[in-house]
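Hi everyone, thanks for coming.

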Amino acid sequence: MIKYDVIIIGAGHNGLVAAYYLARTGLKTLVLERRAIVGGGSVTEEFHPGFRCSTLAGSPGPLLPQIIKDFQLERRGIEFITPTARVWAPNTNGKTICIYEDTKRTAEELRQTSSSDAERYPEFISTFARIGGALAPLLTMTPPDIEDLSAAEVWQLGRLGWAIRGLGKKDEYRLLRYGPMAVADLAAEWFETEGLRALVAARGISGAFAGPWSAGTSASILLQAANGGNPFAPSTLVKGGMGALANALAKAATEAGAEIRTDAEVMNVQVKGGRAAGVVLTHGEEVPAWTTLSSHDPGITILELIEPGELEPSYRNHMQNYRAHGTVAKVQLALSALPEFSRLTENCTKEKLSGRIHIGPEIDYLERAFDAAKYGDISPQPYLDIRIPSLNDPTLAPDGAHVMSIHAQFAPYHLKDGDWNSRREELGDIVVKTLSDYAPSLRELIVGRQVITPLDLEQTYGLRQGHIHHGEQSLDQFFAFRPLIGWAQYRTPIKGLYLCSAGTHPGGGITGAPGTNAAREIIGDVKKGKRE
Ligand SMILES: Cc1cc2nc3c(=O)[nH]c(=O)nc-3n(C[C@H](O)[C@H](O)[C@H](O)COP(=O)(O)OP(=O)(O)OC[C@H]3O[C@@H](n4cnc5c(N)ncnc54)[C@H](O)[C@@H]3O)c2cc1C
């Protein structure tokens with residue numbers, strides 16, 4: 001007997017968001033998660049006795065406002081903490097830059113280094129807020145099938161075009177130029193201080209197999225602006241870490257009627273007569289369902305969970321070419337005390353350390369860090385994006401102690417020499433050495449360390465080739481091309497099989513947008529089916 005309307009593979013945040021919306025409409029929904037905990041990239045774990053942190057994602061993308069409202073996250077005790085400092089960038093020459101939530105305050109501080117940058121900064125922020133605002137409807141839109149546009153899709157695109165026209169000529173031209181532009185050029189167009197240019201460029205390359213001189217890296221800044229209205233990545237934390245958020249999403253989905261099973265790994269999607277018929281778990285249990293929605297990486301779903309004979313060879317081939325070259329590693333440090341940054345950097349305050357800390361003082365530094373990855377090497381001087389979440393949330397570490405969570409780029413999934421299991425500690429040492437140039441006391445404070453390599457991201461967290469967004473977020477894999485042209489509407493060539501992970505539009509980050517959009521498509525299809 002078929003008990004479930006929908007089975008969702010994976011309880012990452014997108015799977016949980018989709019589960020809630022599907023269950024809320026009365027569809028009998030089951031979520032199957034291979035790990036013992038829910039959340040996928042949105043988890044809090046203990047990595048050293050007494051020390052916990054958000055293992056992968058450190059901040060929500062941000063989440064779609066509609067999700068915060070629908071899931072009643074505040075009522076569920078979710079506390080978002082937004083530090084006044086968004087990102088602080090020290091430099092070994094003693095000069096530092098701090099981007100605050102407050103634009104005026106940031107501009108005033110920038111004036112100490114460059115009056116031109118101070119003048120330009122408010123316009124930079126307002127320009128991206130305007131352009132981001134015009135692009136924002138894109139996030140909650142199902143991309144059109146550009147080979148076969150329906151009347152509804154033409155209408156939707158027309159509305160988007162209208163919003164962009166509303167920006168006026170200057171911003172319209174900016175938008176057209178910025179998309180394909182290298183982020184190093186964009187940064188140089190706005191600012192003259194090298195450190196500020198590098199800080200802007202960092203968002204363009206975060207998680208990407210690309211350096212600041214790579215074409216198309218400005219598109220990530222536009223996407224970030226569409227997400228939260230700001231071209232710089234957010235530093236907002238969730239109290240208790242990102243796992244608290246995932247648990248609240250799971251609770252809401254369960255209350256809406258969804259069932260969630262952990263330690264339940266899907267080995268195979270069953271296809272009968274060209275239609276998805278349910279799944280088989282690794283221990284052999286078969287779970288039939290009318291519809292299967294995968295919140296797992298699209299590459300793995302299509303290439304590993306489905307018998308090759310069930311798919312058109314051309315679709316399979318295209319999925320094989322869907323690019324996902326992981327470049328990110330994570331290093332978590334358990335520290336006996338807050339490290340001292342001030343020996344080499346002026347004006348270092350606890351406030352500045354409470355947002356993100358950026359290490360990557362020049363565009364060339366970032367490009368050289370990428371150069372290493374291009375040729376299969378670990379960057380000897382990686383770009384680091386650091387947080388000390390215990391400064392805002394003391395529950396994460398014992399009294400007086402701190403947790404430092406470091407996103408390190410570039411660590412390529414494919415190594416030219418050796419393998420990640422034998423080179424794990426070398427990567428950890430490189431990260432600590434790089435950071436010690438800015439915080440010389442760091443090494444003495446370390447009481448525990450966890451190094452998560454791109455291979456760990458694949459093996460433990462299910463990210464194909466360790467790609468943090470389930471696939472490169474480049475222009476050729478964006479919107480109507482994500483994951484593949486003609487198949488960006490969350491459907492697949494197998495009837496009843498849908499995709500909703502970060503590998504679908506609008507991509508990675510804890511936004512919940514792919515899960516929301518895919519659920520809407522499924523609900524629409526179910527209604528149409530009922531009418532028929
Ligand atoms: C190191 C790192 C840092 C990041 N930093 C940020 C950040 O600061 N802010 C931000 O917004 N985003 C960040 N991201 C990106 C963000 O984490 C992802 O975009 C997001 O987690 C994608 O969510 P998802 O639900 O689509 O997939 P996932 O979170 O990957 O969830 C997929 C789920 O499927 C499960 N699964 C896999 N295979 C199976 C199977 N066979 N059977 C059953 N279940 C299965 C997995 O265990 C997982 O729980 C980061 C990612 C990484 C890796």
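**A walk through the model**

Let's start with one histidine: H414 sits in the loop between β16 and α15. Before I go on, please keep in mind that this is a predicted model.

So, which residues does H414 touch, once we set aside its neighbours within four places in sequence? The partners are G376 and Q465. G376 and H414 are 38 residues apart in sequence, yet their C-alpha atoms are 5.9 Å apart in space. With Q465 there is a polar contact, side chain to side chain, at 3.0 Å.

The peptide bond joining Q409 and F410 is cis, with an omega of about 20°.

There is another cis peptide bond to show you. It joins H505 and P506, and here omega is about 0°. Where is P506 in the chain? Look in the loop between β18 (497-499) and α18 (513-531).

One more backbone detail, this time at H470. This residue is not a glycine, and still it has a positive phi of about 60°. You'll find H470 in the loop between α17 (454-459) and β18.

Now for the ligand. How many residues surround it? The count is 33, and the closest are E33, G41, S59, G509 and I510. Sorting that shell by class gives eleven nonpolar, 16 polar and six charged residues.

A polar backbone atom of I510 is 2.7 Å from a ligand oxygen. For G58, a polar backbone atom is 3.1 Å from an oxygen atom of the ligand. At G61, a backbone N or O atom lies 3.3 Å from a ligand oxygen. As for how covered the ligand is, on its own it exposes 1,000 Å², and the protein buries 94% of that.

Let's finish with helices. Two packed helices are described by the angle between their axes and the distance between the axes. Here are two pairs to compare by eye.

Helix α8 runs over residues 194-205 and α9 over residues 219-228; they pack at an angle of about 85°, with their axes 7 Å apart. On the α8 side the contact is made by V200, R203 and G204, and on the α9 side by S220, I221 and Q224. By class, those contact residues are two nonpolar, three polar and one charged.

The next pair is α4, residues 115-135, and α7, residues 183-190. Their packing angle is about 125°, and their axes are 9 Å apart. These helices are therefore oblique to each other. In α4, the residues involved are D117, R120, E123, F124, T127 and F128, and they meet L186, E189 and W190 of α7. The contact of α4 with α7 has four nonpolar, one polar and four charged residues.

Methods
Residues are numbered from 1 along each chain as its sequence is written. This is a predicted model: local features need pLDDT of at least 70, side-chain atom pairs count only at pLDDT 80 or more; totals for chains, interfaces and linings use all residues. Side-chain values use heavy atoms; hydrogens and water are left out. A residue is near a molecule or strand if one of its heavy atoms lies within 4 Å of it. A polar contact is a pair of N or O atoms within 3.5 Å; within protein, one must be able to donate a hydrogen and the other to accept it, and residues adjacent in sequence count only if both atoms are side-chain atoms. Accessible areas come from the Shrake-Rupley method with a 1.4 Å probe; for residues, only the protein chains shown count as cover. Ala, Val, Leu, Ile, Met, Phe, Trp, Tyr, Cys and Pro count as nonpolar, Asp, Glu, Lys and Arg as charged, and the others, Gly among them, as polar. Axes are lines fitted to C-alpha atoms, for helices over the stretch in contact, and angles run from 0 to 180 degrees between N-to-C directions. Helices (H or I, at least four residues) and strands (E, at least two) are DSSP runs, numbered from the N terminus. Contact means heavy atoms within 4.5 Å. Angles under 35 degrees count as roughly parallel, over 145 as roughly antiparallel, 65 to 115 as roughly perpendicular and the rest as oblique.
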